[in-house]
Amino acid sequence: HVQLVESGGASVQRGGSLRLSCVASGYAFNDHCMAWFRQAPGKEREGVAALDGDGTTRYANPVKGRFTISKDNTKNTLYLQMNSLKPEDTAMYYCAAGPFARTLARYEYSYWGQGTQVTVS
């Protein structure tokens, strides 16, 4: 049984910062690539940032320079530091994991959390 639980979403003003967390359990955390996706109402879920097992990161163009993905293997926790937030960042943010994933393609990920809402005004 694999479980991913996100937290940290909130309503913030334009230019503000948030740090999202995703606690993973039920699988070999260190062997999986992990990522953050987001989905706004009426839009398709899109990749935001990914982190390979070797530490390689990948970011979608709209968040480059503003968001940072990281993880703490001792706590089985994935993070997304979000700075200089814009209204366009408003979405439900989802944590995802996949044993073979390396990109921001949604089909590469096998496990998903329930999401945490980020609203920027």
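**Stop one: a buried aspartate**

Select Asp52 and Arg102: their side chains are joined by a polar contact of 3.3 Å (a pair of N or O atoms within 3.5 Å, where one must be able to donate a hydrogen and the other to accept it; residues adjacent in sequence count only if both atoms are side-chain atoms). Before going on, note that this is a predicted model, where local features need pLDDT of at least 70 and side-chain atom pairs count only at pLDDT 80 or more, while totals for chains, interfaces and linings use all residues. Residues are numbered from 1 along each chain as its sequence is written, and side-chain values use heavy atoms, leaving out hydrogens and water.

Where does Asp52 lie? Look in the loop between β5 (46–51) and β6 (57–59); strands here are DSSP E runs of at least two residues, numbered from the N terminus. Asp52 counts as buried because its relative accessibility is 3% (buried means under 20% relative accessible area, exposed over 50%, partly exposed in between, with a 1.4 Å probe and protein chains only). Now show its neighbours: leaving aside residues up to four places away in sequence, Asp52 touches Cys33, Lys71, Ala101 and Arg102 (contact means heavy atoms within 4.5 Å).

**Stop two: strand β4**

Next, pick residues 33–39, strand β4: six of its seven residues are buried. On to its partners (two strands pair if DSSP finds at least two bridges between them). β4 runs antiparallel to β9, with seven bridges joining them, and Arg38 has Tyr93 in β9 as its bridge partner.

**Stop three: strand β11**

Follow Tyr93 across: it stands opposite Thr116 in β11. β9 (residues 91–98) and β11 pair in the antiparallel sense over three bridges. β2 (residues 11–12), by contrast, pairs with β11 in the parallel sense over two bridges, and Ser11 stands opposite Thr119.

**Last stop: zoom out**

Show the whole chain: eleven strands and zero helices. Of its 121 residues, 45% count as buried.

Notes
Helices (H or I, at least four residues) and strands (E, at least two) are DSSP runs, numbered from the N terminus.
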